[in-house]
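Colleague: Could you walk me through this model? I would like to begin with the terms and then go through the parts.

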Amino acid sequence: MSKGFIVAAQNTDTVDYIKQAYVLALSIKNSQKDVSCISIMTNDSVPDTYRHVFDQIIPIPWLDDSKDKSWKVENRWKLYHVTPYDETIVLDTDMLLLEDISLWWRHCSNYELLFCNRVKNYKNELILEDTFYRNAFIKNNLPNPYFALHYFKKSDFAHEFYKVLEFVVFNWEWCWTKFAPDHYQNWLSMDLASAIAIEILGCHGQVLDSAGPLEFVHMKPALQNWLEKTTPWSEIVPFYVNSNGELIIGNMKQTKLVHYVEKNFLSESLIKTYEGLLV
Amino acid sequence: MTNGAVIFALNNHDIDYIKLAVYSAKRVNKFLDLPVTLITDKKDWFDKYYSDYKFDKIIEIQSDPYTKRNINDGAISSKLIDWKNTNRHKVFDLTPYDKTLVLDADYIVNSSILKTAFLVDQEFQIYKHSYDISGWRNSYEFTRINPYSVPFYWATCFVFEKSIFTQSFFHLVEYIKSNWEYFKILYNINSKNHLFRNDHAFSMAINVMNGKTEGEFATNLPGKMYFCRDTDILIDIDDTKMTFLLQKEKHLGEYFVSQTSNLDVHVMNKMSLSRVLDGGSNV
């Protein structure tokens with residue numbers, strides 16, 4: 001059974017998601033013992049200097065549903081259909097994988113589809129309920145999946161789930177009205193779409209495991225238990241990547257997977273550090 | 001291996017820490033069955049007023065230059081006093097014991113729970129978790145050294161065994177103290193007037209000893225650190241029962257009565273503790 005990571009990346013006018021995916025791939029190569037393959041789904045040009053870290057560079061199939069959209073998430077349901085692996089972990093591009101997660105692969109292999117439904121902040125404080133960003137989930141009694149970290153195995157069940165997810169993505173306004181009318185979100189989010197797909201299929205127990213190991217450090221400012229809810233976190237706490245590729249935020253070494261969120265987080269020196277680790 | 005307790009008592013013009021230390025030492029003898037060494041900068045004061053109590057040893061040190069610090073005596077009274085409590089890192093060299101319980105003079109032992117710390121094969125044990133006995137106040141300042149930074153540890157009460165690791169730790173605390181202005185910035189303490197504080201220096205040093213992780217250099221002392229703030233008032237100690245007037249929420253200057261039984265308590269209002277030891281009731 002082949003295993004690997006996959007990301008969707010579509011550059012916008014302001015954000016170079018291909019570069020983010022490249023640094024994520026470097027961090028994967030630097031930290032993973034067993035599974036370090038990563039593929040990227042994109043229609044953008046991948047610089048020659050980046051190509052060597054990707055297992056496969058896969059064009060977005062069918063039409064580009066994100067064309068003319070500023071936040072390009074409409075194609076992400078296609079990841080299931082393009083992945084070259086039997087078992088896949090989907091990540092967001094603005095993440096860094098800092099420690100080996102072989103244990104996660106072993107745990108996930110017991111499932112056909114498994115979402116992360118638990119995040120913590122950089123202080124290792126578990127976010128029990130995200131009342132800032134996830135009111136639409138809470139007020140509508142929806143499950144709490146994070147599309148930015150999920151696993152699937154090529155299987156009938158995962159295929160069925162992604163078909164439902166495709167339906168929700170294409171009809172998100174209707175679905176929001178039907179399943180998430182309270183605290184209505186007027187934008188498409190893959191997290192809410194996944195929550196509604198889970199709700200439609202009634203498969204909570206099959207795809208969510210609160211006691212499982214899947215979790216990540218989420219750097220959205222309102223999750224950090226600060227008074228400042230919207231100030232970029234990098235303006236508030238000091239951080240650095242040391243010569244081993246370890247990320248230290250606020251004097252605390254970050255573990256496993258970090259979702260750094262801020263688009264200007266990737267400095268040239270940080271990229272050089274990770275490139276240097278692969279030599 | 002020798003076991004014992006050490007209490008620092010660095011007197012100032014307002015608080016007789018030696019008096020508090022003598023009382024605290026008697027409790028340690030009674031409940032923990034440990035010999036107690038006093039570390040003080042005023043041995044002559046002890047000899048003159050408290051020599052009927054026999055410490056295991058008395059070690060006289062030069063105190064650091066003092067700083068000024070504002071402390072409360074209840075919710076509506078405060079005073080600027082001399083503060084000399086910055087020598088804690090010297091305990092590694094000063095203690096006569098292989099395994100040492102270090103206590104603040106205002107930490108009142110009412111149980112034998114700390115005995116178990118001497119049965120555990122750990123080189124450094126300290127309180128990380130604490131409980132404000134008022135029950136209503138926000139105690140986040142005792143969870144982390146500030147909202148942006150590392151977990152808070154109490155230098156008020158800890159147990160250490162002499163080893164190369166604990167020696168490194170105390171050297172590190174001394175280094176942090178010597179470079180306090182730098183470490184304040186490094187650990188997001190933004191107040192210019194933030195004075196050196198043992199709790200914060202210990203918390204930073206533990207963070208470094210743990211390799212910036214939640215590592216295993218420091219393990220938790222048994223139980224929790226119970227404390228009342230200097231805005232509360234101790235009014236009575238009767239054997240293992242302590243009675244307090246605790247600051248009321250949203251009613252400045254008003255209190256409610258509360259009692260603890262068989263709980264060790266860190267009494268931050270040293271002035272009220274001193275008055276109770278003198279036989280007063282504070283009411």
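Modeller: Two residues are in contact if their C-beta atoms, placed from the backbone, lie within 7 Å. Helices (H or I, at least four residues) and strands (E, at least two) are DSSP runs, numbered from the N terminus. This is a predicted model, in which local features need pLDDT of at least 70 and side-chain atom pairs count only at pLDDT 80 or more, while totals for chains, interfaces and linings use all residues. Residues are numbered from 1 along each chain as its sequence is written, and chains are lettered from A and ligands numbered from 1 in the order in which they are written.

Colleague: Good. What do the buried residues of helix 1 of chain A pack against?

Modeller: They pack against strand 1 (3–8), strand 2 (38–41), helix 2 (48–51), strand 4 (87–91), strand 5 (95–97) and helix 10 (268–278) of chain A. Helix 1 is mostly covered, with 12 of its 15 residues buried; a residue is buried if 20 or more other C-beta atoms lie within 10 Å of its own, exposed if 12 or fewer, and partly exposed in between, with C-beta atoms placed from the backbone. Among the buried ones are A:Tyr17, A:Gln20, A:Leu24 and A:Ser31.

Colleague: And how far does helix 1 of chain A reach?

Modeller: Helix 1 covers residues 17–31 and reaches 21 Å from its first C-alpha to its last, close to the 21 Å expected at 1.5 Å a residue, where the expected span is 1.5 Å times one less than the number of residues.

Colleague: Changing topic, which residues of helix 7 of chain A are buried?

Modeller: In helix 7 (residues 172–179), A:Trp172, A:Cys175 and A:Trp176 are buried. Seen down the axis of helix 7, these buried residues fall within an arc of 100°, so they line one face of the helix; the arc is that of the directions from the helix axis to the C-beta atoms. They pack against helix 6 (156–170) and helix 8 (190–201) of chain A, while the face turned away carries the exposed residues A:Glu173, A:Trp174, A:Thr177 and A:Lys178.

Colleague: What about the loop between helix 7 and helix 8 of chain A?

Modeller: A:His183 is found in that loop, and its phi is near 50°, a positive value in a residue other than glycine. Most residues other than glycine have a negative phi. A:His183 is exposed, with 12 other C-beta atoms within 10 Å.

Colleague: Where is B:Asp239?

Modeller: B:Asp239 lies in the loop between strand 13 (233–238) and strand 14 (241–247) of chain B. Its phi is near 55°, again a positive value in a residue other than glycine, and B:Asp239 is exposed, with 9 other C-beta atoms within 10 Å.

Colleague: Staying with chain B, which residues of helix 4 are buried?

Modeller: The buried residues of helix 4 of chain B are B:Phe169, B:Phe170, B:Val173 and B:Ile176. Seen down the axis of that helix, they fall within an arc of 115°, so they line one face. What covers them includes helix 3 (91–94), strand 8 (124–127), helix 5 (180–186) and helix 6 (198–209) of chain B, whereas B:Ile164 and B:Ser178, on the other side of helix 4, are exposed.

Colleague: How many helices and strands does each chain have?

Modeller: Chain A has 10 helices and 13 strands. The radius of gyration of chain A is 18 Å, close to the 19 Å that the globule rule gives for 279 residues, so chain A is as compact as a globular protein of that length; the radius is taken over C-alpha atoms, and the rule is 2.2 Å times the number of residues to the power 0.38. Chain B comes to 7 helices and 16 strands. Buried residues make up 43% of the 279 residues in chain A and 40% of the 283 residues in chain B.

Colleague: Last one, how many residues does each chain bring to the contact?

Modeller: The contact takes 10 residues from chain A and 12 residues from chain B. On the side of chain A that touches chain B, the residues divide into 5 nonpolar, 4 polar and 1 charged, where Ala, Val, Leu, Ile, Met, Phe, Trp, Tyr, Cys and Pro count as nonpolar, Asp, Glu, Lys and Arg as charged, and the others, Gly among them, as polar.
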